[in-house]
Amino acid sequence: MSAPSQRVIFVDDEEEVRRANGQSLDLAGFTVETHGDAESALRAILAEPPGVVVTDVRLPGLDGLGLFAAIQEADPELPVILITGHGDITMAVRAMRSGAYDFLAKPYPADTLVASVRRALERRALVQENRTLRARLDAAVAEDPAFLGVSPGITRLRLFVREVAQADVDVLVLGETGSGKEVVASALHRWSRRAKGHFVAMNCGALPDTVVESELFGHEAGAFTGALKKRVGRIAHADGGTLFLDEIESMALTIQVKLLRVLQERVVEPLGTNAVQPVDMRVVAATKIDLGQAAAQGTFRDDLYYRLNVVSVTIPPLRERREDVALLFEHFLRKAAARFNRAPPPVTPAIREHLSRHDWPGNVRELGHFAERCALGLAPTGPAQAEPARPATLAEQMDRHERGLIRDELIMAGGDVRVAAEALGTPRKTLYDKIARHGLDPNDYR
């Protein structure tokens, strides 16, 4: 037997209909199991969930809608395709609003059935993949929420950071923009003996040099114009804990000299006083450039570089750990949906394609922002259309234009085909036919 995600259960009380449709699906490459009543079909579904269920609405005993309701209770994400007579179309549309995947009005061509089943199976495979991903995410978060991922790069980083955290040495963290340097610094603090002390973070590139000096070392009242009262600097505040200096490459050379003294002697001298204060802290510095090269060029002090570079940690960019992208995206999507008070939207094929093809130059930060847009319903809605090698024919241009109009209306209608049909001024049955022909799925826009 093929994998459950490829198995099709077809239900109809007419033997000839079962035989003909079963043959059509078999010739299309699907594994087909036919049933003449809903009760036997339901037992088979509960015993081994298939990829899709196709059922006639009018059945003896438990009818197709009753079977659909029972399937919904067991697994609301199992796609169900309803077969209806023309008089049942309104009822079928209501069922689709309740979660049915599609409906086919009799009589229907065999290729229409095959196309609908194929799309439903693709949807089912995506659902199963998402379930697997969520299970992996739950396990990863439970084990270690700081370093989500299964790639060799993130696994090595996680183990190395845990080991270094216990050594209580200063650390230099190297990584591209958005790669998670502060996450590493925070983990070094949490996993060290200093975890009960303060974790003090400062972005050296975000403040003017004069402000950086006061922020780092502190000052006495009257130390300079505007210094109305004493201020405890970040270094003193980090006593007993960890001082994280991000973008240290942007620190002025004059301030680097003073920082070097702090690192060597573990004392701090606030502005406006000659008194020194002893400090016991770990320093974690982060940079997105090669500080060794900067020291060779004279833009960074080489003695400070060597003092900081006792232990270095390099964060792999996201493009080098592609197997982690989907897991991280699911994590960010959940967090964003909770923050916006929304249910996490489904991960559509268009989103999945973007996740796999994009190089993520902004790394984890860019991925997090993309997840936020998806949570707000601003995700890509379809794959990029490649330009044809030859000029498109009129029919092809009309086809693409029609598909775009329908897709846009489905987006505006939130996947509600009735609303889209009214906006386009077309009968719902006609719109359903066009949606099927263009390979669209209203569920992708809900």
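Among contacts in the chain between residues at least 6 apart in sequence, what percentage join residues at least 24 apart? The share is 70%, where contact means heavy atoms within 4.5 Å. The model is predicted: local features need pLDDT of at least 70, side-chain atom pairs count only at pLDDT 80 or more, and totals for chains, interfaces and linings use all residues. Residues are numbered from 1 along each chain as its sequence is written, and side-chain values use heavy atoms, with hydrogens and water left out.

Of the 446 residues, 45% are buried. Here buried means under 20% relative accessible area, exposed over 50%, and partly exposed in between, using a 1.4 Å probe and protein chains only. The chain exposes about 21700 Å², and carbon and sulfur atoms supply 53% of that area. Accessible areas come from the Shrake-Rupley method with a 1.4 Å probe, and for residues only the protein chains shown count as cover.

Next comes the interior. In soluble globular proteins, nonpolar side chains tend to be buried together. A nonpolar core is taken as a set of buried Ala, Val, Leu, Ile, Met, Phe, Trp, Tyr and Cys residues joined through side-chain atoms within 4.5 Å. The largest such core has 33 residues, and Val53, Leu67 and Ile71 have the most contacts inside it. At least two residues of this core come from each of several elements, including strand S1 (7-11), helix H2 (38-47), helix H3 (64-74), strand S4 (80-84) and helix H16 (394-412). Because domain 1 (7-129) and domain 4 (394-444) both give residues to this core, it lies between them; the domain bounds come from an automatic or database domain assignment. A second, separate core has 31 residues, among them Leu216, Val279, Ala294 and Ala295.

Not counting residues up to four places away in sequence, Leu67 touches Val11, Ala38, Ala41, Leu42, Ile45, Val53, Thr55 and Leu62. H18 is followed by Gly439, whose phi is positive, near 70°.

In UniProt, an unreviewed entry places the feature "modified residue: 4-aspartylphosphate" at Asp56; UniProt positions are given in the numbering used here, feature names are shortened, and annotations may be inferred rather than shown by experiment. Asp56 sits in strand S3 (residues 52-56) and is buried, with a relative accessible area of 5%. Leaving aside neighbours within four places in sequence, Asp56 is in contact with Val11, Asp12, Asp13, Gly64, Ile83 and Lys106. Lys106 in turn is joined to Pro107 by a cis peptide bond, with omega about -10°. Pro107 belongs to the loop between S5 and helix H5 (110-143).

Strand S5 (residues 102-105) contains Phe103, which counts as buried at 6% relative accessibility. Not counting residues up to four places away in sequence, Asn21 touches Phe10, Tyr108 and Leu113.

Two asparagines show positive phi. For Asn341 the value is near 55°, and this residue lies in the loop between helix H13 (325-339) and helix H14 (349-357). Asn341 counts as exposed at 73% relative accessibility. For Asn363 phi is near 60°; Asn363 is found in helix H15 (residues 363-375) and is buried, with a relative accessible area of 0%. Finally, Glu265 in helix H10 (residues 253-265) is partly exposed, at 46% relative accessible area. The C-alpha atoms of Glu265 and Pro278, 13 residues apart along the chain, are separated by 8.4 Å.

Technical notes:
Helices (H or I, at least four residues) and strands (E, at least two) are DSSP runs, numbered from the N terminus.
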